[in-house]
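Subject: Structure handover

Hi,

Here is the structure I promised to pass on. Please open it alongside this note; my findings follow below.

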Amino acid sequence: MAARKIITTQVAIMGAGPAGLMLSHLLAKAGIESTVIEVRSHKEISETVRAGILEHGTVNLLVDSGVSDRVLRHGDRHDGIELRFNGESHRVDFKDLVGESVWLYPQTDVFLDLAARRKDDGGDVRYSVTDTSVHDLEGKPKVWFTDADGVEHEIQADFLVGADGSRSHCRFQIPEAHRKWYFHEYPFAWFGILAEAPRSSDELIYANSDNGFALISQRTETVQRMYFQCDPQENVAEWDDDRIWAEFRSRVNGNGFELKEGPVIEKMVLPFRSFVHTPMRYGNLFLAGDAAHTVPPTGAKGLNLAIHDIKVLFEGLDSHYNSGSDRLLETYSDRALERVWKAQQFSYWMTTMLHTPADADDFSRARQLGELNSVVSSRHGMAYLAEAYTGWPGAS
């Protein structure tokens, strides 16, 4: 059996999604070597369609670090959202309240921008690898893998970053005695569709109704993405177009507002939960993004949290290699988790405020409407939502 080919680098990164590629890009700009491996193919990742609301800080990092300005040219800037309940819409004006915006830009495009930048810059990114395993996390980490051509390799690095998603291999290599997991299961899921139709609204509509939650989003001028609250066990095969649109109408239409409908070209059920892994470091392994935490999509925080993790982790690695100080690396987990828990709270709040539990009694329903009214009738209430939604300032 042939010996493994040795790859020596400074930072090994497992996962070539947006988090892993962004870290590799930032490290390269700082003169720090990295090797990225990914079990999926480039094609598979690029064809996994995921929505994306980008905070202003995420957009600034993509543009200012030289990844691409395509988000500014092809993304849609949103200066607010609408909260719709009791059949009436209430606009939360981000620009007026906190002076910021968000950008509607699919996560798939973020990946494509980053992957193209790493390729153009000669980055070492290897897709379609198999047989991955990690070793010596408390010392000098090693990663074994087989590349797409069947050649076995061993990466030897100073640090290993697990940016390998919600089914993270790296996460499970941390001994149970050195980690704590936090879970929250939600009793509902989202029934999501893509539909060939014009836009019903220029901004996202978050609708609370007696029949449950609905989210009206956009994709392009001719294809729209929409969701409604459903049971996690819902079977998409039982829903034809007529039934789907009847459900949306019952939750959103009214008082002069009507959704623009069209053929449904894709449908899926998206269960969700909250998860946090603490700490986000073990030895010389650092976790980032979905490998360390997931949030329900209601607050649009998942990708943005991952990019914030990467920003904080990069600062630590840059300081280690270029300033000789480990203080920022030592505090990475605490600094990242501070924002993670703020995002968990915001996502939980948005989810519970807007969704109607199947067993909700009259009091619960009236209280929920009181909560929504409290938010939209208070500039301070709307400003909290706007600040959290667009991204908290002052990343530590």
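First, a term: two strands pair if DSSP finds at least two bridges between them. Helices (H or I, at least four residues) and strands (E, at least two) are DSSP runs, numbered from the N terminus. This is a predicted model, in which local features need pLDDT of at least 70 and side-chain atom pairs count only at pLDDT 80 or more, while totals for chains, interfaces and linings use all residues. Residues are numbered from 1 along each chain as its sequence is written, and side-chain values use heavy atoms, with hydrogens and water left out.

Eight strands make up an open sheet with mixed pairing, in the order 7-6-15-16-17-14-18-21. Strand 7 (88-93) and strand 21 (293-294) are at the edges; each has a single partner strand, so one side of each lacks a neighbour in the sheet. Within the sheet, strand 15 (residues 205-207) and strand 16 (residues 214-216) run antiparallel, joined by 3 bridges. Here Tyr 206 sits opposite Leu 215 of strand 16.

Helix 10 (residues 332-354) touches strand 6 (80-85), strand 14 (180-196), strand 15, strand 18 (264-278) and strand 21. Its direction makes about 135° with that of strand 18. Helix 11 (residues 362-376) touches strand 6 and strand 7, and its direction makes about 145° with that of strand 6. Contact means heavy atoms within 4.5 Å. Axes are lines fitted to C-alpha atoms, for helices over the stretch in contact; angles run from 0 to 180 degrees between N-to-C directions.

Thr 298

Look at the loop between strand 21 and helix 8 (302-322): Thr 298 is there. Thr 298 counts as buried because its relative accessibility is 0%. (Buried is under 20% relative accessible area, exposed over 50%, partly exposed in between; 1.4 Å probe, protein chains only.) Beyond its neighbours within four places in sequence, Thr 298 contacts several residues, including Trp 190, Tyr 206, Met 350 and Thr 351.

Strand 13

Strand 13 (residues 159-162) is covered on both faces. Phe 159 and Val 161 are buried on one side, Leu 160 and Gly 162 on the other. Strand 13 pairs in the parallel sense with strand 2 (residues 11-14) over 4 bridges; Val 11 has Phe 159 as its bridge partner. Strand 13 also runs parallel to strand 20 (residues 285-287), with 3 bridges. There, Gly 162 is bridged to Leu 287.

Best wishes
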